[in-house]
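Hi everyone, thanks for coming. I'd like to walk you through one structure this morning, so please have a look at the screen.

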Amino acid sequence: MSDEMKEEIKKLREEIANLKEQLMDVTEQKKSRGIYIDIGNNVRHYVEDVMESVTEGIHGELERCILIGPKGMRIVRRGEPQREEEHVVEANFSKVSEVMSALGQEYRLKILGELIRGGKYINELQEKLSGITASTLSSHLKVLEEAGLVVQEKVRGRYLITMPGRVAYKMALRITGFVERGSQE
Amino acid sequence: MMLQQYRLDNTALKATDALKLLQSERAIIEADGNTLAVPILLDNQRKGYIFHGHAKLLLDTIVETKEGAMGNSVEREINEPFLMLGDTEEILQHLGAPNKEDLTAMGYKDEQEFMAKAEDLLHKFGRRGKIWGHDCCSGNYGIIFAFPNETGKLDILIADCSRLVYKAMDRVFIASKSKVILKTPNEMILSSNQKSLMIRNRHL
């Protein structure tokens, strides 16, 4: 064995001894009371972990077939039939009635009409809907919230129209349009 | 790898008046007066507290899109001990010494019992892994909260001036100035600069 190699082995042994010493220090520290937290990683890593889990979920879903047709884009799981059987869903008439009755009031439709343009605070809504008292407006908003058509941000206090609320509002306008056209014919 | 020792102070404290622990665009955390507290120390410096009292969390986990809003607000009473890391100096001004009645009001027979429960929570938080850093809870780096949920695990809320991350049993919510992500068991929605992507699937 050459002197050069012997020197190299000696250095490696020293390095291993150093590492062992460091490991002993950490173990000793852990034995004493307290919580040890790796401060080499900061909160950014945690956020990145959460983001990663979310994006993994998205990737997982997008890995499945994406079908683009006349009705828009549809994502289907790999191995599943491209067109699922239409399920006949028993209508929950009590819920249907709740949603429809939430729509069946002029002020409530006006509220949805205002919220479809963007979230608003109650005083902004009151300004837009002239002639309505704050208490009446609150009770209408409560009905819309209970039906799931509107949601209130508890911190900021703004009211927002939900996705179902937007669909319901557009559907109500459309049905009315059909009825009006039908009565004219 | 650098390791730092977090430990609890030896003395329990109580809030002399109501505490506003967090107020941001999307979240508010308040604790009533008489809430018990014990400082969390790192190298003998206060880095946070464990509180036990009547506290309230309000959090808007709502995503606004052109197609309407998704999600709802979290409105939760916190009657269990919870942990906070960050912004300790302002809070310290509203803390004083508790008396026996303050401890019994929260169900403790003495200070030691409260300290033991606080220690349990700190250990549980420490066991979450190597995700916590010193930098995250000093200066302007933000605040971390950990609240035990119904399953005994911890819901985590991290907030700084512009961002918020909330990870709970039933949802993950991430908000920054321009992007918002909400993931629930049934759907995931991402909204960024007026564009949004929603995935609703039985696998989510």
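Let me start with a question: which residues does B:Ile50 touch, not counting residues up to four places away in sequence? Keep in mind as we go that this is a predicted model.

Here is the list. B:Ile50 touches B:Ala37, B:Val38 and B:Ile40, then B:Pro81 and B:Leu83, and finally B:Ala118, B:Leu121 and B:Leu122.

Strand β9, residues 82-85 of chain B, is covered on both faces. B:Phe82 and B:Met84 lie on one side, B:Leu83 and B:Leu85 on the other, and all of them are buried.

What does β9(B) pair with? Strand β6, residues 45-52 of chain B, is joined to β9(B) by four bridges, and the two run antiparallel. One pairing to look for is B:Phe51, whose bridge partner in β9(B) is B:Phe82. Strand β11, residues 143-148 of chain B, is also antiparallel to β9(B), with three bridges between them. There you can find B:Leu85 opposite B:Ile144 of β11(B).

Now over to chain A. Its secondary structure comes to seven helices and five strands, and along the sequence the pattern reads α-β-α-β-β-α-α-α-α-β-β-α. Of its 185 residues, 17% count as buried. If you take the contacts in chain A with a separation of 6 or more, 43% of them are between residues 24 or more positions apart.

The element I'd like to show you here is helix α7 of chain A, residues 163-184. With 22 residues, α7(A) reaches 32 Å from its first C-alpha to its last, close to the 32 Å expected at 1.5 Å a residue.

Which residues of α7(A) are buried? They are A:Gly165, A:Ala168 and A:Tyr169. These three cover an arc of only 100° around the axis, so they sit on the same side of α7(A). Turn to the other side, and you find A:Lys170, A:Met171, A:Arg174, A:Gly177, A:Phe178, A:Arg181 and A:Gly182 exposed.

And what covers those buried residues? From chain A, the cover includes α3 (93-103), α4 (106-115), β4 (150-152) and β5 (159-161). Chain B takes part too, with β8 (68-78).

Note on methods:
Residues numbered from 1 in each chain as written. Chains lettered and ligands numbered in written order. Predicted model: local features only at pLDDT ≥ 70, side-chain atom pairs only at ≥ 80, totals over all residues. Expected span 1.5 Å × (residues − 1). Buried ≥ 20, exposed ≤ 12 C-beta atoms within 10 Å, placed from the backbone. Arc of directions from axis to C-beta. Contact = placed C-beta atoms within 7 Å. Pairing = 2+ DSSP bridges.
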